[in-house]
Amino acid sequence: AELALQDCADDLERTAADTTPIDKGTLTRSSYQERTQNGDGLKITVEFAVRENGFNYAVYMHEATYELGEQSKARSGGVGMSGQVYRVGRKYLQRVIDGEQTTYYNHIATMVRRVAGV
């Protein structure tokens, strides 16, 4: 289950990074994963963070409404584990999470069943 969860976190991070608007590439390269293990199991959080003087550019680019620049328009976007293509633009992380949720669930369930021999 942990390996399958890591597969999903890696796919989410890669796909969302490929879906970020791009100018200098700072936002695209700012992704990271935070792993937390507790009594409930493993949790992996995928985040993007570009901060300057208290301003989080990553959050702004995720939430704000804006016109894409030429480099962003020319970018092909991300392709998730499901094969779905996500266009470059706002909500670059949330759209991938929403779109891949069922695929991630099925991947984890398949891997657990395989290990359990079911």
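**Salt bridges in the predicted model**

Arg14 is partly exposed, with a relative accessibility of 39%. In this predicted model, the side chain of Arg14 forms a salt bridge with that of Asp11, at an N to O distance of 2.6 Å. Asp11, in contrast, is classed as buried, because its relative accessibility of 7% falls under the 20% cut-off. The two residues belong to helix 1 (residues 2-19), where a spacing of 3 residues places Asp11 and Arg14 about one helical turn apart. The contact is part of a network of salt bridges that links Asp11, Arg14 and Asp18. Over the whole structure, the search returned 4 salt bridges.

A further salt bridge joins the side chains of Lys91 and Glu63, with 2.7 Å from N to O. Lys91 is located in the loop between strand 6 (85-86) and helix 5 (94-116), whereas Glu63 is in helix 3 (residues 57-63), so this pair ties together parts of the chain that are 28 residues apart in sequence. Lys91 is partly exposed, at 24% relative accessible area. Glu63 is also partly exposed, at 41%.

Lys73 and Glu70 make a salt bridge through their side chains, the N to O distance being 3.8 Å. Both partners lie in helix 4 (residues 70-74), and their separation of 3 residues corresponds to about one helical turn. Lys73 and Glu70 are both exposed.

Key: Residues are numbered from 1 along each chain as its sequence is written. This is a predicted model: local features need pLDDT of at least 70, side-chain atom pairs count only at pLDDT 80 or more; totals for chains, interfaces and linings use all residues. Side-chain values use heavy atoms; hydrogens and water are left out. Helices (H or I, at least four residues) and strands (E, at least two) are DSSP runs, numbered from the N terminus. Buried means under 20% relative accessible area, exposed over 50%, partly exposed in between (1.4 Å probe, protein chains only).
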